Amino acid sequence: MAEPLTLRSYRDWKHCITELCRIPLTLSYVEGRIAALGDSGAYEAQRFIQTWGEAHFDRVKGWFVQAREELKAGEGA
């Protein structure tokens with residue numbers, strides 16, 4: 001199993017997604033990723049778990065949920 005880089009916090013993860021990978025965290029993207037990772041038995045989720053482990057899978061799902069909440073809070077501002 002590969003070591004999950006240094007993504008040990010939401011801040012690290014968000015920096016990796018938005019700055020290093022240059023993927024905008026839009027509500028549509030985030031909700032799509034939550035849906036894709038929502039079924040831990042689905043192929044994509046299983047590949048993630050095989051590569052990075054169950055604990056990191058759970059962290060990443062939580063970070064996507066946190067990003068969604070931030071985005072939704074920003075809509076009301």
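Let's start at a contact. A45, F48, I49 and W52 in helix α3 meet E54, H56, F57 and V60 in helix α4. Contact here means heavy atoms within 4.5 Å. Helices are DSSP runs of H or I, at least four residues long, and strands are runs of E, at least two long; both are numbered from the N terminus. By class, this contact of α3 with α4 has six nonpolar residues, one polar and one charged. Nonpolar covers Ala, Val, Leu, Ile, Met, Phe, Trp, Tyr, Cys and Pro; charged covers Asp, Glu, Lys and Arg; the others, Gly among them, are polar.

Before going on, a word on the model. It is predicted: local features need pLDDT of at least 70, side-chain atom pairs count only at pLDDT 80 or more, and totals for chains, interfaces and linings use all residues. Residues are numbered from 1 along each chain as its sequence is written, and side-chain values use heavy atoms, with hydrogens and water left out.

How confident is the predictor? The score is pLDDT, its confidence in each residue, from 0 to 100. The chain averages 90, and 90% of the residues score at least 70.

Now the overall layout. The chain has four helices and zero strands. Along the sequence the pattern reads α-α-α-α. Of the 77 residues, 25% are buried. Buried means under 20% relative accessible area, exposed means over 50%, and partly exposed is in between, with a 1.4 Å probe and protein chains only. Take contacts between residues at least 6 apart in sequence: 64% of them join residues at least 24 apart.

Back to the helix pairs. Two packed helices are described by the angle between their axes and the distance between the axes. Axes are lines fitted to C-alpha atoms, for helices over the stretch in contact, and angles run from 0 to 180 degrees between N-to-C directions. Helix α3 spans residues 43-52 and α4 spans residues 54-75; they pack at about 125°, with axes 7 Å apart. That makes α3 oblique to α4. The cut-offs: under 35 degrees is roughly parallel, over 145 roughly antiparallel, 65 to 115 roughly perpendicular, and the rest oblique.

Next pair: α1 and α4. Their axes come within 10 Å and cross at roughly 80°. These two helices are therefore roughly perpendicular to each other. Y10, W13 and K14 in α1 meet V60, W63, F64, Q66, A67 and E70 in α4. By class, that contact has six nonpolar, one polar and two charged residues.

Which residues of α1 are buried? In this helix, residues 10-20, they are Y10, W13, C16 and I17. They cover an arc of only 135° around the axis, so they sit on the same side of α1. The arc is that of the directions from the helix axis to the C-beta atoms. What covers these buried residues includes α4. On the other side of α1, R11 and L20 are exposed. After α1 comes R22, with a positive phi near 55°.

K72 lies in α4 and is partly exposed, at 38% relative accessible area. Leaving out residues up to four places away in sequence, K72 touches L27 and E31. K72 and L27 are 45 residues apart in sequence, yet 7.7 Å apart in space, C-alpha to C-alpha.

A35 lies in α2. At 56% relative accessibility, A35 counts as exposed.

Terms used. pLDDT = per-residue confidence, 0-100.
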